[in-house]
Structures are given as C-alpha cells and as structure tokens.
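Good morning, colleagues. Please take a moment to look at the sequence and the model before I go through the ligand site and a few selected residues.

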Amino acid sequence: MLRLPPFAYHPAASLEDAVGMLARYGWRALVVSGGTDLFANMKQRLFTPEVVVGLRPLRELSYVRASEGGVAIGALTTLTHIAEDPVIESRYPALHEAVSVISTPQLRNMGTLGGNICLDTRCNYYNQDYDWRRALGFCMKKDGQVCRVAPKSPTCVAVNSSDSAPVLIAYGATLRLAGPEGRREVPAAEFFRNDGMRPWCKRPDEILTEVRLPALPAGTRAAYRKLRLRNAIDFPILGVAVMLQVEAGVCVRARVVLNAVASKPVEVPDAAAALVGTDLNPRALDEAADAAYAAGKPLDNTSGSIPYRKRMLRVFARRALAACAPGS
Ligand SMILES: Cc1cc2nc3c(=O)[nH]c(=O)nc-3n(C[C@H](O)[C@H](O)[C@H](O)COP(=O)(O)OP(=O)(O)OC[C@H]3O[C@@H](n4cnc5c(N)ncnc54)[C@H](O)[C@@H]3O)c2cc1C
Ligand code: SF4
C-alpha cells in the first residue's frame, strides 16, 4: 500500500490567508482542493510538499451563478455540482458533458473545477510509484535527466489530461487568479502552455478562484467527445471539444480543440476554417475532421497505441462535429 509522505496540513481561513501561506512557504507548499489528484501524486512521491494548504474550508468559492450574461463558477465547486447544474447543462452542454465523464461519481463528489484545471500533466513513465520510476532511472519531469518518451526533446511532453480544459478554451472562458501581487484574469486559451513540466502561466503562489463562461450568442452549439480505455473511470487518451455559432443556417464562428495529444489543449484553426461559411454539410464536417486528424500528434505516453489514437482523432472529431450539426 502506498502511504502519504509526512506533511503539515494548514486549512485556509480565507483566500487571503491561503495566498499568504503560499507566499510565506514558497516552493515548500502546495494547495489542495478535493485532493483526488494531489494526494495520489504525493503517494507516488511525485510531489513532496512540506505544507499542504487546504482550500476546502473556503465555501465562498463554491458556486455556479449568473454573471454578465454568462456564468461564473467558483474554483472550489465540485464536478458533481457542475454536472448537475441545470443552467450549465442547458446553456453550456459541452462543459456538462466534459465534467460528467471525469473519473467516477465518488471522485466527482470530491474533485473540483479548480483542481481539474490545475491537474498535473500525465505520462506513462511519470504516473508510477517511486520504486517503478527508480528502476527505470527516473525521467526529466521528476528526479531524472532525460525524457523517456522523446529522449531528444529539451522539454517534457506529458499530456494535458483535464477534460474541462479544452471545453473552457472552446467556449472562450476566462480564469481568475489571486496571488500576493493581487488578482488578475487570463483567457483559458492563454492559461495552458505546451510544456509538460510548466503547463500553466499561473505562478506557483497564485490560486485559481473563478472560471467565467461568456454570454453565448443565439445559435451557439457545443459538444465534447472523449476517448478512454474504460468508460467508467479513465483519464482521456483523446478529447475533442467543438463550439460552433450558426446564423441563418450558416456557420459564422467555430472552435475545435483537441486534448490529450500535447501538454496543452490544441486549437485547430484549419478545422474552424473548414466550417465557417458553410451550412455544416457532411463534406464540411469531414474536412474539419480531417484537419483535426492532421493537427493532432499523439505521443507514446498514454494508454492506447499511437496509430489507434491517431485514427480515433478523425472519428471523435467527426462525432463532436455531428453533435453540433444534427443531420450531418
Ligand atoms: C482514478 C482517477 C481517474 C481520474 N479520471 C479523470 C478524468 O477522466 N478526467 C480528468 O480530467 N481528471 C481525472 N482525474 C483527476 C482528478 O480526479 C480530477 O481532475 C479532479 O477534478 C481534480 O480536482 P481536485 O479538486 O481533487 O484537485 P486536487 O487533487 O486538490 O489538486 C490537483 C492539483 O491542482 C492544484 N490545485 C487545486 N485547486 C487549485 C486552485 N484552486 N488553484 C490553484 N491550484 C489548485 C493542486 O495543488 C494540485 O496540484 C482522475 C483521478 C483519479 C484518481
Ligand atoms: S514526457 Fe518525458 S519527461 Fe515528461 S513525464 Fe513523460 S518521460 Fe518524463
């Protein structure tokens, strides 16, 4: 049985208290929300913080509420809360779909949106216990020097595995952060970086406090389709988020975002270009799915072979597109 390493747990009395503790303890501290990812990673000695700052007491960061025509979601809101929210289900169906297929009901009851967005990137050579990794000689992301997946790569290529991330980018969401230097907002599309070891623009002493979904024009349609080995529990080995805006039967705006094929969600402008200006006929959808296929480059660091995940790119992109264009 894997056991947690020793650490001090400090529940935050307020957001300011949490920010203050991160500033005070620096790299020795990490925050925890639901703990469904952090504690597993600590058991594997991927993280060994001396201090864990508990955000769970900050109930004021748990909400889904109307905001500026859109919706604001507190970072401490559980995935179950979001999956069961009727406004999210009817107005932001892709987010509803994405959070509804994260792990298991038990983990969704504990796991939060903030923790999901700040989920560590994953890799078959990294998400292993200490002895497994030591036997292999470790890797660049933790305790070692080289990347086992791409030995010549100067950076880690572990994959973004957060199901909400591609959807938030597709919707044009904004993330709110609080840190010792104050508060700031970052578009979701700019939050994620293509670096498996530093996958966000968030500084270590910043806390994600809120996600803002914009007001959506009439005629907006969106969907998320996820491939995983076992539908009852697994992380994505591929995800496709689509957002389309249709006016008088013509697509005027489109976003197609792939997940689990790089360290950040990958937006595919060529897929959007294949859709805009069309009536979303089957040929346009096929072209957009082809563009997604061309853009996605899965690596050998999740379950499922590279050729399988590559082939599934076109299939899942086409399914997500079809969900937004009924009849095509
Ligand atoms: C068996 C299993 C299956 C899973 N399947 C999936 C899946 O299919 N899809 C998926 O997306 N995830 C999956 N997960 C991962 C995880 O359960 C979810 O991503 C969950 O939403 C994480 O939220 P949390 O609150 O538990 O995060 P925590 O474990 O509390 O934190 C995760 C990370 O985020 C940081 N963090 C947490 N909250 C904040 C905040 N507000 N601001 C800044 N940093 C923060 C923590 O320091 C930590 O590094 C799975 C996990 C397990 C164990
Ligand atoms: S991609 Fe390479 S460096 Fe990153 S976790 Fe995997 S093996 Fe390690």
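I begin with a definition of exposure: a residue is buried under 20% relative accessible area, exposed over 50%, and partly exposed in between, with a 1.4 Å probe and protein chains only. The areas themselves come from the Shrake-Rupley method with that 1.4 Å probe, and for residues only the protein chains shown count as cover. Arg183 is exposed, because its relative accessible area is 59%.

Some conventions come next. This is a predicted model, in which local features need pLDDT of at least 70 and side-chain atom pairs count only at pLDDT 80 or more, whereas totals for chains, interfaces and linings use all residues. Residues are numbered from 1 along each chain as its sequence is written, chains are lettered from A and ligands numbered from 1 in the order in which they are written, and side-chain values use heavy atoms, with hydrogens and water left out.

To place Arg183, I need the secondary structure. Helices (H or I, at least four residues) and strands (E, at least two) are DSSP runs, numbered from the N terminus. Arg183 belongs to strand 7, residues 182-187.

I turn now to ligand 1. Which residues come nearest to it? Of the 33 residues around ligand 1, they are Val31, Ser33, Thr36, Thr112 and Asp163. A residue is counted as near if one of its heavy atoms lies within 4 Å of the molecule.

Several backbone atoms approach the oxygen atoms of ligand 1. The term polar contact denotes a pair of N or O atoms within 3.5 Å; within protein, one must be able to donate a hydrogen and the other to accept it, and residues adjacent in sequence count only if both atoms are side-chain atoms. A polar backbone atom of Gly34 is 2.8 Å from an oxygen atom of ligand 1. For Gly35, a backbone N or O atom lies 2.8 Å from a ligand oxygen, and for Leu38 the distance from a polar backbone atom to an oxygen of ligand 1 is 2.7 Å. Taken alone, the ligand exposes 980 Å², and the protein buries 93% of that.

What supplies the shell around ligand 1? Strand 2 (29-32), helix 7 (113-117) and strand 8 (207-213) each contribute at least two residues, and helix 7 gives the largest share, three residues. Domain 1 (59-118 + 159-214) and domain 2 (220-324) each provide at least three residues of the shell; the domain bounds come from an automatic or database domain assignment.

Within strand 2 lies Val32. Val32 is buried, because its relative accessible area is 5%. Val32 and Gly115 are 83 residues apart in sequence, while their C-alpha atoms are 7.7 Å apart in space.

The next topic is aromatic pairs. Rings of Phe, Tyr and Trp (its six-membered ring) pair if their centres lie within 6.5 Å; planes under 30 degrees apart count as stacked, over 60 as edge-to-face and the rest as tilted. The count by this rule is five aromatic pairs. In one of them, the ring centres of Tyr92 and Tyr171 are 5.3 Å apart and the planes stand at 80 degrees, so this pair is edge-to-face. The pair links distant parts of the chain, 79 residues apart: Tyr92 sits in the loop between helix 4 (86-91) and helix 5 (93-100), and Tyr171 in helix 9 (residues 164-171). Both Tyr92 and Tyr171 are buried.

Finally, I consider the loop between strand 11 (250-259) and strand 12 (266-267), where Ser263 is placed. Ser263 counts as buried, because its relative accessibility is 2%. A polar atom of the Ser263 side chain lies 2.6 Å from the backbone oxygen of Ala158. Ala260 is in that loop between strand 11 and strand 12 as well. Its phi is near 65 degrees, a positive value in a residue other than glycine, and Ala260 is buried at 0% relative accessible area.
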